[in-house]
Amino acid sequence: MYRFLLTPRWWGINVFVLLSIPFCIFMGSWQLGRFEARVDDHRDAEARVVSDKREEARPLDGLLPVTKATSGKQTTATGRYDTQLLVPDRKLDDKDGYYVLTLLRTDTGRALPVVRGWLPGTPDPAEVPAAPTGEVTVTGALQASETPGNNGVSARGGLPEGQTAAISSASLVNLVEYDVYDAWVTLNRGDSGMKAVPATAPGGTGLDLKAFQNLGYTAEWFAFVGFVIFMWFRLLRRELEFARDAELGLAPEPDTAGEREPERPSPSAV
């Protein structure tokens with residue numbers, strides 16, 4: 001009854017199954033490894049943010065451009081506060097609020113965006129403490145420019161004057177008349193009673209969409225293993241049913257009507 005397994009057709013099916021199963025397991029394991037690597041990278045980045053806060057602050061220019069290695073490092077800069085902007089739609093401790101962003105004009109001619117702190121509620125310039133006057137020295141965690149639409153950063157436009165959706169040099173250069181550093185700093189201590197904004201891990205090290213795509217691909221590859229096995233057993237069962245019906249004489253008769261020889265005319269018809 002199982003002689004059909006030795007036919008060329010079933011040889012091809014069996015070879016396909018025997019090759020596809022380990023291939024799918026390998027690909028699923030590889031995608032799972034990619035996800036686990038991103039999880040470990042995320043943990044290391046978060047731990048580095050905490051450890052970086054204990055390090056001695058270094059001059060700003062020595063840490064630029066911002067990379068995964070320098071993001072979160074303690075830095076210091078000296079200058080005078082100038083333009084102040086509010087950054088809406090920012091949560092802290094699961095509460096809605098906004099950042100207070102003030103540009104620090106340095107001796108280099110460029111301005112450093114400094115997040116002086118966070119306030120709850122909707123942006124209101126009247127409730128924002130005034131920035132210190134005169135020359136000040138700030139110390140905080142260095143952060144890379146934000147990308148609108150990524151990592152929870154709003155991409156909406158049409159904000160009122162004095163607000164910006166993203167802390168980005170590309171956005172700020174359109175709001176001020178001087179050059180802006182392609183980086184920003186969040187103070188270790190909130191200024192004038194505001195809450196300090198904690199530093200975040202650098203981009204590409206968190207559990208972002210790509211990480212969960214790897215997890216989804218893992219499930220797909222392992223699901224395909226089950227699908228291949230299921231289809232093999234289904235084909236085998238169908239073939240066994242055909243063989244059993246043939247043994248019992250229940251197989252459908254082939255249509256040979258078109259193969260009959262044409263009837264010869266009888267002698268009486270001649």
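**Aromatic pairs, cores and buried residues in a predicted model**

Trp-221 is partly exposed, with a relative accessible area of 25%, where buried means under 20% relative accessible area, exposed means over 50%, and partly exposed lies in between (1.4 Å probe, protein chains only). The structure is a predicted model, in which local features need pLDDT of at least 70 and side-chain atom pairs count only at pLDDT 80 or more, whereas totals for chains, interfaces and linings use all residues. Residues are numbered from 1 along each chain as its sequence is written, and side-chain values use heavy atoms, with hydrogens and water left out.

The chain contains 3 helices and 6 strands, these being DSSP runs numbered from the N terminus (helices: H or I, at least four residues; strands: E, at least two). Their order along the sequence is α-β-β-β-β-β-α-β-α. Of the 270 residues in the chain, 36% are buried. A contact is defined by heavy atoms within 4.5 Å, and among the contacts in the chain with a separation of 6 or more, 68% are between residues 24 or more positions apart.

Aromatic pairs were identified from the rings of Phe, Tyr and Trp (its six-membered ring), which pair if their centres lie within 6.5 Å; planes under 30 degrees apart count as stacked, over 60 as edge-to-face and the rest as tilted. By this rule there are 5 aromatic pairs. In one of them, the rings of Trp-10 and Trp-232 have centres 6.3 Å apart and planes at 85°, so the pair is edge-to-face. Because Trp-10 belongs to helix α1 (residues 8-52) and Trp-232 to helix α3 (residues 209-247), this pair ties together parts that are 222 residues apart in sequence. Phe-23 and Trp-221 also form an edge-to-face pair, with 5.7 Å from centre to centre and 85° between the planes; since Phe-23 lies in helix α1 and Trp-221 in helix α3, parts 198 residues apart in sequence are tied together. Trp-10 is buried at a relative accessible area of 1%, while Phe-23 is partly exposed at 45%.

Turning to the nonpolar cores, each is a set of buried Ala, Val, Leu, Ile, Met, Phe, Trp, Tyr and Cys residues joined through side-chain atoms within 4.5 Å. The largest has 16 residues, and those with the most contacts inside it are Tyr-99, Leu-101, Leu-103, Val-115, Ile-167 and Leu-172. Strands β2 (74-92), β3 (95-106) and β4 (111-120) each supply at least two residues of this core. A second, separate core of 15 residues includes Leu-104, Val-114, Val-136 and Ala-183.

Thr-186, in strand β6 (residues 184-187), is buried with a relative accessible area of 1%. Although Thr-186 and Val-114 are 72 residues apart along the chain, their C-alpha atoms are separated by 5.8 Å. Apart from neighbours within four places in sequence, Thr-186 is in contact with residues including Val-115, Gly-140 and Ala-199. Its side chain also reaches the backbone oxygen of Val-197 at 2.5 Å, a polar contact (a pair of N or O atoms within 3.5 Å; within protein, one must be able to donate a hydrogen and the other to accept it, and residues adjacent in sequence count only if both atoms are side-chain atoms). Thr-164, in the loop between β5 and α2, is likewise buried, at 4% relative accessibility, and a polar atom of the Thr-164 side chain lies 3.0 Å from the backbone oxygen of Ala-166.
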